[in-house]
Amino acid sequence: MKAIEIKDLKFSYLSDEKPTLVIDDFYINEGESILLTGKSGSGKSTLVNCINGIIPHVINGDLSGSVKILGKEVRDMKLPDIARVVGTLLQDPERQVMNYSIVDEVAFGPENLRLPRDEMERRIQKAISVVGIEDFLERETTKLSGGELQRVALASVIAMEPKIMILDEPTSNIDPEGTEQIFRFIQENKNRMTQIIVEHKVERALPFVDRVVVVNNGRIILNVSKEHLMRDVEVLLEAGIEIPEEYIYAKKLRIDSIDPEIIREKLRESNIQLSRRERRNQGEIVMSAKVTAEVEGRKIVDAKLDLRKGQVYCIMGKNGAGKTTLIRVLMDFLNKKQFKVSSLLNIEGEDLSRKDYVIRGRKIAYLPQSFDLMLVSKNVETEIYYSAKHRKIPEFKAIGDQLIEMFSLEDKRMSDPLMLSTGQRRRVCMAAALASSAHIMLMDEPTSGQDFLNKKILGEEIRKLCDAGFSFLIVTHDSRFAYRYGDFIGIMENGKIVHEGTPDEIFRYSEKYGVIAPSDFVLRVSGEEVIS
Amino acid sequence: MYSILDTVISWLLFLFGISIPFYLILGAIGIAGFREITTYEKYDTFYYRLNASVKIMLSIIIVLIATFSIWWIGAIITFGLLASYKSLKNGWRKMYLAGFLILSIIVGTVWGYAPYEPLSIVSMALKTPVSKFTTVWTWPPYFSILGYEHHLTLQSIYYSLQISFRFTAAVVASLLLVMTNTPAQIIKTLSKFKIPDPIIFSLVVAMKTVPAVFDSFDTSIKISMMRGYGGNKPRFLRPFVVLAAAIGSIVPTMVHLLRGAKDIGISADTRAFRAYPSRTYYIMTPFKREDYIFSGVLVMMVVMTVIAIMVGFGRAIPYLT
C-alpha cells in the first residue's frame, strides 16, 4: 500500500504569485525510507507541511491537487487525526519542546488523545526506552544539551505511535553524538514505519534510506534509489546539494563502492594526489585568553587558547562541552550574578581582562547563532554603517560601502535586513559586525541550518578576510566545514580544551570526543594514521 | 512668576518619575534578573510543594483583599510575601530582585497618579478637606497641558502610595506562582478550573517564552552596545543607554521569537493538540496536607478582611464610601 500519494499538487503561499510547490505524481510506499533533500528555499518544508497537514490546516494558501496519507485525503482529515498517523520531528528541539519536565513532554501527545492511563503508560515507557533517555528523566528540559533535547522531542513524537515519521533536518542543531543517536533510531525502525528524512547532509543520511528525492525550485528533479544516486551526481551538484567528495571520485574512477577507504586506495593506485589546503598557523598571537566560569560551585569552563593573525580556530566538541559558554565569557556576556567568571584576556597587546563587553566590542566582533538579533536597523546600509557611525569614525560610509561590496549586498542596500533570505541575513550580520573595525571575530555555529551553497560562500568569505588580516574563533559541529576552512581545531570536553592541533592532526582521534572526521579527511589520510 | 529654577526643578521632578522606575528595572534588576524572577527552578521547600491551584487562589484572594481593604493590609501582604521569598531557591537574591521591582512599581505608580489625581478625589479618599492639604510643589501653569493638577500635595502622594500597594501584593503573589510551578502544573490546575485549552496553551507558551524573550533581548542589547551604541557615555548613564538600545532591539527580538512561535504551534498541532475539547493528564498533582493547611490560611485571610472592612478598614475606594 502507498503511505503517501501526491497527484497534481500545486501550492502557493498567499504572498506569492508563482506556486512554491508543483508536484505531478509522487508516492512513498509503506515502510519505505526516503531522503528528501534540496538547498534552502527549494520547497522541502512546503512538501513536508503538505504531508503532515500543516498545509492547508494551519498555513493558508492556494492549494490544488491531491495529497493522500494511507489512502485518505489530507485536506478532508482533521489535524489531530493526521497527527495520529504522521509524526513530525522539527529541526530545532528548543522550539519543539514546550514542557519543563521530560515526562510531561513525552506525555503531551497521548494526553491530547485522551488515551486510557494504561495505554498512556505503555506508550510513554516505550518511547522513553526507544530513544534511551531513562538516565536523565528527572532533569529539566531547559537544562538538557541539544542532542538530549532532540531525543526528548523524538520520544514525544514516538509516543503518538505514528505510521509515518517525518524528520525535518533533525540533526542540524545537534552534535555528532546526538546525530548518531537519531540515525540509530532511523536505522532500527526502518521498515517498521515510513520515514521521510529531510536533510542537507546527504552523506550522513544516505546509509539509512532507500530512495533519494531532490527538490529544486519547488519541483522534484530527482527521484532515484540510493544505489543509482552516483550516476546523478551532477544533478545534485547543480541543485546546490552537498555531495560527499568520495562520490565525485568514485564516479571519476568508475568504482562501484562509495567507501572512502576503498576510494582512497584507488586514488593512491592511480597516483592521484588530492589537494590539501595550507593551514595558516604562523601569524603573531592576536588574542590570548585564559578564562574560567563557575555556576553553583561547578566549573563549566576552564580554558586557555591563543588565536593567531589570519587564523581560523574552530572549537569543536559534544553538546554541553562548554563551547558557547566559552565564547560568552570571552565577550563578557555571562550574567556575573549567576556565574563566577574570571578572565585573563589580551587582545593585540591590550589587557582587556577587566573590561566589559562594551570595551571588548572595540576589538572583537561577535556573530551569535541567532544572528537575527543583531539586525536593529531599517535597511542594510544603515545596519552596516551602524557600528562605525556610533564609534564616530569619520569614514564610516567608506568602511560600510567597502563591506557592502565585499559581501555582494549592493542590490540589497535599501532592503529591510529582517526580510532577506537566511544566507543574505547572515552576510549582512557579518558585514555589520566587521564594520566595528575589530579584526577578531567570534562566531557561534555559523553553518547551523545553512545549505551547502551558503556554507561554501561563508567559508570562502572567511578565507578572504583571513588574507586581509582578520582572525576567527568559530564554534562549530560541522567537521567538514572545519576541515575545509579551518586552520586549527580545539576540542572541548567538560569545559576544557583537551586537544589542539591542525585539522589533519585532530581528526585522527577526534571520534573519542564525539567529533566525527569528515570523509574529505578520510580520503586524504593514510589508514594507519586514524586512531579510533 | 515662575523662575527658570522653578521650571528646571519641575522638569527634573517630571523626569524623576519617568526615569527612576526604568533605572531601577534596568540598573538594579537587569534583564537577566527579570529572567530569574519569572522562571521556575527546581527546589524543595514549602512553596514548591504547594499545589498550583492553592497559589492561583492566593493570587486571586490577594488581588481582592488589596482592592477592597485599607492600603496597609496590601502593604503588609506585599512585605510579608516578599519576606517569604527567603524560602525559595536563591531566596535572598530573589527577594532583592523582587524588592527592586516592587520599589520601581511604587515609584512609578506614585508618580503616575500623584500629579494627576484630582484633589477632590483625594479629599474624599482621605476624608480631609482640600484646604488642609500641604502643597509640596507648584507646577508651572503650562504643566496643566500634561494633565497635571496645579499643586502637588503631600496628600496626593500619600494616596498614590496607598494605590500602589494594590498592585504590589498581586505582583509578589504572581511571581511566586511562576517561580515555584512548572508550566505543566499550571496547565493542569487551570484545566481543572475549566479554562479553555487554547487559552491555557497560550499561557504555557508565554511561560516558556518569557525566559527566551529575556535571553534574546539581553543578547540583542549587548550586541548593539558592543557595536558602539552609547559607548562614549559615562557609566552611570548605562541604564538609560540600555533602555535606548532595548527599544531598538524590540523588533529583532520579536521577529526571532515569532519565527520560533510558529514551530511551537506546529509542534503542538502535530501532536494532536485540540483533538478533544479537554485533555487527560498522565501525572496528577494531588491535594496534600500542606495544601489543606494553606487553604485554611486563605479562608482566614478572607474572613479577617471582611471583618476589617466591616469595622471601617475598607476605605480604599473613595467612590464607595
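**Setting up.** I am working with a predicted model, where local features need pLDDT of at least 70, side-chain atom pairs count only at pLDDT 80 or more, and totals for chains, interfaces and linings use all residues. Residues are numbered from 1 along each chain as its sequence is written, chains are lettered from A and ligands numbered from 1 in the order written, and side-chain values use heavy atoms, leaving out hydrogens and water.

**Entry 1, the interface.** I looked up contacts (heavy atoms within 4.5 Å) and found 58 residues of chain B meeting 69 of chain A. The buried area (accessible area, 1.4 Å probe, that two parts lose on being put together, summed over both) is about 6000 Å², with 55% from carbon and sulfur atoms. On the chain B side, B:Arg227, B:Arg271 and B:Tyr282 supply 18% of the area that chain B buries against chain A, more than any other three residues.

I counted salt bridges (a side-chain nitrogen of Lys or Arg within 4 Å of a carboxyl oxygen of Asp or Glu) and got 7 between chain B and chain A. I also noted A:Glu296 with B:Lys89, a salt bridge whose closest N and O atoms are 3.6 Å apart.

Next I checked A:Gln150, which is buried (under 20% relative accessible area, 1.4 Å probe, protein chains only) at 0%.

Key: Buried means under 20% relative accessible area, exposed over 50%, partly exposed in between (1.4 Å probe, protein chains only).
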